[in-house]
Amino acid sequence: MTGTAAIRTVGLTKRYGSVTAVDGIELDVPPGDIYGFLGPNGSGKTTTVRMLLGLVLPTAGTVEVLGARIPKHARSVLYRVGALVEAPAAYGHLGARANLSIMDAAGPGGSRRTRRARIDQALEQVGLAGVGRRPVKAYSLGMRQRLGIAAALLRKPDLLILDEPTNGLDPRGIQEIRQLLLDLNASAGTTIFLSSHLLSEVEHLCRRIGVVDRGRLVLQDSLAALRAPTGSVVLRTPDPEWAVGVLDGDLRERSGDRLVVRAADPAELNARLVGHGIRIIELTEERRTLEEVVLAATTGSADRVDGAVPSTTGPRAEVLSNDDSAWDRPPAGPPVPLPTRRPTAPPHWQATRDTPEPASDWQPLPTWTKPAQGAPDDPAPVTAEPGAGWAPPPTWAEPAQPAPPDSTPVPAEPGLGWQPPQNRTEPAQPAADDPAPIPAEPGLGRKASPDGAEPALPAPGDPEPGLVSGWEPPPSRTEPAQREPADPGPTPSEPGPSEAGQAGSDQSEARSEESA
Amino acid sequence: MIGVELVKMLRRPRTWVVIALIDALPTLVAFLLALTDVGPRPGTGPAFLSAVLNNGVLFPAAALAIVLPLFLPVSVAIVSGDSIAGEAQAGTLRYLLARPAGRTRLLVAKLITVLVFVAMAVVVVVVTAYFVGTSLFGTGQLLGGNIVSVSGEPLTPQQAVLRTLLAMAYVAFSMLGVAAMAVFLSTLTDSPLAAAMGALAFLVASSLLLTLDAADSIRPYLPTRYWLAFVDLFRQPILWRDIVRGVGLQALYVAVLLGAAWANFTTKDIKS
């Protein structure tokens with residue numbers, strides 16, 4: 001943040017004719033940081049990196065690297081920067097040492113006396129110490145990549161600017177390089193600027209990230225802040241029905257044995273559930289994955305990305321444009337347990353704002369006497385068992401009455417946006433009566449704003465039209481909304497509560513019916 | 001930086017292959033002449049060849065005349081065309097510039113490397129030709145060691161050596177126009193082949209226009225116009241007029257083309 005930022009750009013802009021490749025990017029990388037620079041292909045990442053190194057000259061704006069202006073004072077400072085720009089490159093007819101020696105001699109700051117030792121050390125660091133005199137043209141992709149990293153490390157740089165440093169490496173190699181970078185950062189305080197579209201890479205390594213989209217920096221924050229707990233807890237239990245009862249209005253989402261619950265304190269929640277004799281298989285704080293953060297921040301219209309070449313852009317383009325399939329894909333990030341394919345993202349935003357709502361909406365009993373009437377038609381298996389154990393929770397006593405023979409858990413669900421199977425034929429009713437959570441989300445989705453502002457839309461009266469209209473524009477966030485009401489459908493109709501895998505197809509079915 | 005570039009060139013097998021090939025042609029000519037003893041009639045064929053049969057000391061000059069029109073310019077175009085575009089194609093240009101090598105420094109180093117290459121090629125050709133010529137054709141004992149100049153007057157061996165050195169310098173200098181053209185094109189494209197071919201096209205066009213009477217008015221400005229003026233160095237006395245003009249013309253081409261190369265390269269976005 002001071003004048004000695006490792007990298008700072010102000011209003012950095014690059015235009016190629018009428019195309020603006022980079023548009024007013026303001027990077028700020030403090031010394032000692034590990035910074036992840038993310039964005040789809042063609043979003044201006046590489047152009048930005050090249051401007052940092054003085055390879056591409058900015059149309060407007062300034063670049064400061066290690067306190068010196070680039071490209072004007074590049075000579076006085078760039079020798080302290082190790083760079084890997086796109087692919088590594090070397091003279092194919094020469095060996096690794098000759099290549100490193102030539103590169104080292106080609107600029108300032110590389111003392112001839114220490115060269116030999118530095119080359120040996122760099123090769124050692126990247127695991128090429130025994131490479132001998134073999135010419136580089138005989139190297140594998142991974143070896144070339146290692147050589148490129150060795151070249152970047154040769155002068156023990158204060159700043160490393162790396163573009164896809166683990167490209168072409170196998171998992172072990174990736175792990176090695178990651179550890180090497182972490183060590184360098186910890187021991188020598190080397191600032192690392194990592195440009196990548198491998199989200200897992202960045203997630204494992206970086207402390208701050210900047211997300212660039214269509215040439216603009218749309219996000220720059222610490223990873224910890226971006227991935228802060230969402231105020232919800234994801235848990236799996238073999239007794240989901242009981243848990244649903246105990247959890248009452250705090251339940252935000254359910255698929256099979258996996259529940260997403262609003263809870264400020266996971267420990268307290270755990271104690272509460274265990275206190276009720278509910279067994280817990282797994283319980284974690286819900287966090288947004290980096291993928292969700294990035295997808296929320298980038299728009300990536302399909303036409304633009306389609307033109308780009310291979311790699312992750314393809315899938316991402318789909319993700320951004322095609323609602324349902326995108327969300328059915330398991331998120332890449334680790335924290336969300338995978339067995340269910342449920343989208344985990346959207347609810348969080350709502351969670352922070354709407355927490356009180358379900359409770360208040362929940363009270364009007366009439367709302368859910370209706371589903372209760374429907375309950376008799378319900379398949380017995382699901383409801384029967386829990387009924388017995390379910391009695392204790394006091395709040396539920398009342399609702400239980402309207403549907404005497406039938407078990408109670410069923411009514412519990414409608415509160416969460418559940419619709420009994422038959423309401424596929426008449427979806428409007430229960431949905432309309434349903435409490436806020438459902439409608440709230442389409443509103444969020446449409447905005448595609450990560451903070452989940454705009455609870456305006458949720459009009460609890462008619463979620464249905466909102467849903468329909470809400471999901472033709474791609475902004476990735478919409479679809480969970482539709483899914484929410486449709487979702488639970490399958491659960492009761494299909495006795496096995498754990499068949500989350502089918503959720504996807506069932507949803508689309510449900511949705512097509514709804515929109516029809 | 002210059003040292004680095006020289007090392008890179010010298011360690012490149014291609015450099016030596018090209019020089020060997022350049023050298024092979026005059027050597028072959030010498031052997032054929034010696035075997036058949038049939039020289040071109042005076043005034044026809046490459047310069048000096050008719051005189052070589054009498055005195056091998058003139059063969060270096062003859063060898064220069066043999067490689068000058070095509071072999072030398074082709075090799076110079078290849079090496080200079082490769083200078084920037086070759087680095088760009090290999091991807092090493094971005095690393096050199098991010099090192100930072102400095103764009104002007106890199107360009108200057110590349111130019112000097114090309115210069116050294118031309119000098120090496122000329123020296124190798126002349127030295128080989130001297131040994132081949134003197135061993136195959138003798139040193140002209142019949143004329144008392146003197147050499148018959150192009151204008152008929154005799155030259156002493158010292159004069160001949162001096163003039164051969166001057167001829168080498170002039171031939172090397174004549175190549176700079178091609179080199180500058182190829183370097184300029186090399187900063188425009190990322191394909192070394194395109195740069196080399198572009199420079200050759202420039203030469204071919206010039207040679208073609210030289211033979212065209214309609215192009216009379218622009219003839220003095222064609223880059224290849226004064227190339228063979230080095231023959232005038234072997235007149236007695238030396239006919240300086242064309243040589244001076246040749247040097248001036250080459251200097252002009254070099255200045256303009258290198259200026260363009262520098263202006264382009266220092267303001268270029270390196271996207272390779």
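This is a predicted model: local features need pLDDT of at least 70, side-chain atom pairs count only at pLDDT 80 or more; totals for chains, interfaces and linings use all residues.
**Stop 1: chain A as a whole**

Start by selecting chain A and colouring it by pLDDT. The average for chain A is 69, and 57% of the residues score at least 70. Now pick out residues 301–516 of chain A, where the pLDDT is below 50. Beyond near neighbours in sequence, that stretch still has 343 contacts in the model.

Switch to a cartoon view next. Chain A comes to 26 helices and 15 strands. Of its 516 residues, 50% count as buried. Among the contacts in chain A with a separation of 6 or more, 72% are between residues 24 or more positions apart.

**Stop 2: a hairpin**

Select residues 7–16 and 19–25 of chain A, which are strand 1 and strand 2. These two strands pair in the antiparallel sense over four bridges. One pair to click on is K14(A) with V22(A), its bridge partner in strand 2 of chain A. Then look at the turn: two residues sit between strand 1 and strand 2 of chain A in this hairpin. One residue in the turn, G17(A), has a positive phi of about 60°.

**Stop 3: the six-stranded sheet**

In what order do the strands of the open sheet of six strands in chain A lie? Reading across, the order is 7-8-9-4-10-11, and the pairing is mixed. As a reminder, strands of a sheet pair through backbone hydrogen bonds, either parallel or antiparallel. At the edges you will find strand 7 (81–84) and strand 11 (216–222) of chain A, each pairing on one side only. Neighbouring strands here are turned by 15° against each other on average, direction ignored.

Now zoom in on strand 4 (residues 34–38) and strand 10 (residues 208–213) of chain A. The two pair in the parallel sense over four bridges. Show L38(A) and you will see it stand opposite V211(A) in strand 10 of chain A.

- Helix 1 (residues 45–52) of chain A lies across strand 4, strand 8, strand 9 and strand 10 of chain A, and runs at about 150° to strand 8 of chain A.
- Helix 11 (residues 290–297) of chain A packs on the sheet and touches strand 4, strand 10 and strand 11 of chain A; its direction makes about 35° with that of strand 10 of chain A.

**Stop 4: the four-stranded sheet**

Move along chain A to an open sheet of four strands, in the order 13-14-12-15, with antiparallel pairing.

Select strand 12 (residues 229–236) and strand 14 (residues 258–262) of chain A, which pair in the antiparallel sense over five bridges. Here L235(A) stands opposite L259(A) in strand 14 of chain A.

Again, bring in two helices:

- Helix 9 (residues 240–247) of chain A lies across strand 13 and strand 14 of chain A, running at about 170° to strand 13 of chain A.
- Helix 10 (residues 266–275) of chain A packs on the sheet, where it touches strand 12, strand 14 and strand 15 of chain A; its direction makes about 150° with that of strand 15 of chain A.

**Stop 5**

In soluble globular proteins, nonpolar side chains tend to be buried together. The largest nonpolar core in this model has 164 residues, and A62(B), L64(B) and A199(B) have the most contacts inside it. Helix 8 (residues 157–188) of chain B gives the largest share of this core, 16 residues. Click on L64(B): leaving aside its neighbours within four places in sequence, this residue is in contact with V125(B), V126(B), A167(B), V171(B) and F230(B). There is also a second, separate core of 16 residues, which includes V234(A), L235(A), A243(A) and V246(A).

**Stop 5: where the chains meet**

Finally, show both chains. Here 22 residues of chain B are in contact with 24 residues of chain A. On the chain B side, helix 1 (2–10) and helix 6 (92–98) are the elements that give two or more residues. Helix 6 of chain B supplies the largest share, six residues. Coloured by type, the residues on this side of chain B divide into eleven nonpolar, four polar and seven charged.

Key: Residues are numbered from 1 along each chain as its sequence is written. Chains are lettered from A and ligands numbered from 1 in the order in which they are written. Two residues are in contact if their C-beta atoms, placed from the backbone, lie within 7 Å. Ala, Val, Leu, Ile, Met, Phe, Trp, Tyr, Cys and Pro count as nonpolar, Asp, Glu, Lys and Arg as charged, and the others, Gly among them, as polar. pLDDT is the predictor's confidence in each residue, from 0 to 100. Two strands pair if DSSP finds at least two bridges between them. Axes are lines fitted to C-alpha atoms, for helices over the stretch in contact, and angles run from 0 to 180 degrees between N-to-C directions. A nonpolar core is a set of buried Ala, Val, Leu, Ile, Met, Phe, Trp, Tyr and Cys residues joined through C-beta atoms within 7 Å. A residue is buried if 20 or more other C-beta atoms lie within 10 Å of its own, exposed if 12 or fewer, and partly exposed in between; C-beta atoms are placed from the backbone.
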